[in-house]
Amino acid sequence: MSTRPVVVLAEELSPATVEALGPDFEIRQSDGTDRARLFADLADADAVMVRSATQADAEVFSQAPRLKVVARAGVGLDNVDVKAATEAGVMVVNAPTSNIVSAAELTCAHILGLARNISPAHEALKAGEWKRSKYSGVELQDKVLGVVGLGRIGGLVAERMKAFGMEIIAFDPYVTSARAHQLGAQLVTLEELYEQADVVTVHMPKTPETIGMIGPEQFRTMKSSAFVVNVARGGLIDEEALETALEAGEIGGAAIDVFSAEPSTDLPFFSRENVVVTPHLGASTAEAQEKAGVSVAKSVRLALAGELVPDAVNVAGGAIDELVRPGIPLIEKLGRVLNALASDAFTDVETEAAGEIAELNVSALQLAALKGLFTDVVSEQVSYVNAPVLAEQRGIATRLTTTSEVEDYRNALTVRGATSSGTNLEVRGTLTGPKQIEKIVGINGYDLEVTLTDHLVIFEYADRPGVVGALGRILGEKGVNIAGMQVSQSAKQGSALAVLAVDAALPTGVLEEISAEVGATLAAEVDLEEHQ
């Protein structure tokens, strides 16, 4: 068993990737195509990094009880079972922006290659044939480029082809006219795009709705001279319909880098002179591979440090603001305290962020609160990934609220819960001072200010003399040292709440003994110590 977190490289990754991981991990090279070897290497692994050859499925996760993150050094996740990973509490990360320049440049290369017949002219000349007149091409200047999907890659293609003097039209229901204008594009309907474009390039994700989105009807709508380019995802273009359209002369040619089934080596249109095909080279540049590896290596470091990861595909929240980040471990602990106070199951949990941070994206705080809530009650590993799943499985309604109004503090975080018996519980905390000290500042309506330590004991009781003495006496008799204590009174209820910081967990039975001695209406012990 390694003393350092173990990161398994299931495939060959660049030296820069290993360097980006740093010296804090044990790096173990494996072979993702050899399942027996992979399973053996994953037995005590904390992270696994893959490319496209390794199938990261439910069986893999079952063989890796310590696994916290699977990192795909690339964009696609076809070989990673995200649902199974989520259920296992494993974070899935990829490198969504690593290949955008490479894919855009390949798209532009294919457009130029089709326009000037580079591929067939090359093959003819290599075969000893000088066919200058046969392979006369067309200029791109003043031609219309139709971009289906004006996202990151589609936008880069639009910008680059604009430099060739092309008119850019685009379809993307999620892009505003203002953004399209910035890219020099005019938004149109899909039908208008197919009717007007001299070149159609598709840059859409592969979903049930987009599979086969360019098929017989779309080809019949296009100009007979139009070129179709797909460097996005295999299956977006109906391959059988493409062959039919080429055979019928409904379009002028095609350039395809991705296919419904890969590897593909013998599709009917491969033999056509007006078709250029490449074996899924969109991300196949040295720069893209290195970017992907370095990107996911950084994500692995964040994940194994217990932080939320912006590029995690199965965690909501995205990038975490620097003002929000310190609150993540605090609210996770508040969630653990809330759970300790409960005597029955939760039905409703609310996470609240109050103060200056209310204007920021605080969704990560809800994930952290739920992670804390379940950490001490379920047998499986709880992470920021599967905590929402655990809540859903248990029928717990969850919500996140924000307010700019807060008294006494710049920011305050609160976790509230309602239980099946109708009990309402609340724990409130904040960070104070230059060192951002974690403190509890409220429990169930009682105001206090207690530094969060590894071991806390909480009692609520009828307010009367002698209770504090009884607490000290019993703990002293049991050899438990009190590091700090605060009592908060409620004049309205005639009750009090005592929070004690102790040096170690209470011996068995002591909590119950004290509870009986002081007539506690609430007694809880919270162990916040990190256990490996």
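Helix H16 is followed by glycine 479, whose phi is positive, near 75°; helices (H or I, at least four residues) and strands (E, at least two) are DSSP runs, numbered from the N terminus. The model is predicted, so local features need pLDDT of at least 70 and side-chain atom pairs count only at pLDDT 80 or more, whereas totals for chains, interfaces and linings use all residues. Residues are numbered from 1 along each chain as its sequence is written, and side-chain values use heavy atoms, with hydrogens and water left out.

Within H16 (residues 467–477), the residues Val467, Ala470, Leu471, Ile474 and Leu475 are buried (under 20% relative accessible area, with exposed over 50% and partly exposed in between; 1.4 Å probe, protein chains only). Viewed down the axis of H16, these buried residues fall within an arc of 120°, so they line one face of the helix; the arc is that of the directions from the helix axis to the C-beta atoms. Their cover includes strands S19 (455–462), S20 (482–490) and S21 (495–502), and helix H17 (510–518), where contact means heavy atoms within 4.5 Å.

Strand S3 (residues 47–50) is covered on both faces: Ala47 and Met49 on one side, and Val48 and Val50 on the other, are all buried. In a regular strand the side chains alternate between the two faces of the sheet. S3 pairs in the parallel sense with strand S1 (residues 6–9) over three bridges; two strands pair if DSSP finds at least two bridges between them. Leucine 9 has methionine 49 in S3 as its bridge partner. S3 also runs parallel to strand S4 (residues 69–72), to which four bridges join S3, and valine 50 has arginine 72 in S4 as its bridge partner.

An open sheet is formed by seven strands in the order S8-S7-S6-S9-S10-S11-S12, with parallel pairing. Strands S8 (185–187) and S12 (275–277) stand at the edges, each with a single partner strand, so one side of each is left without a neighbour in the sheet. The twist averages 15° from one strand to the next. Axes are lines fitted to C-alpha atoms, for helices over the stretch in contact, and angles run from 0 to 180 degrees between N-to-C directions. Strands S10 (residues 227–230) and S11 (residues 253–256) pair in the parallel sense over four bridges, and valine 228 has alanine 254 in S11 as its bridge partner. Helix H5 (residues 100–115) lies across S6, S9, S10, S11 and S12, running at about 155° to S10.
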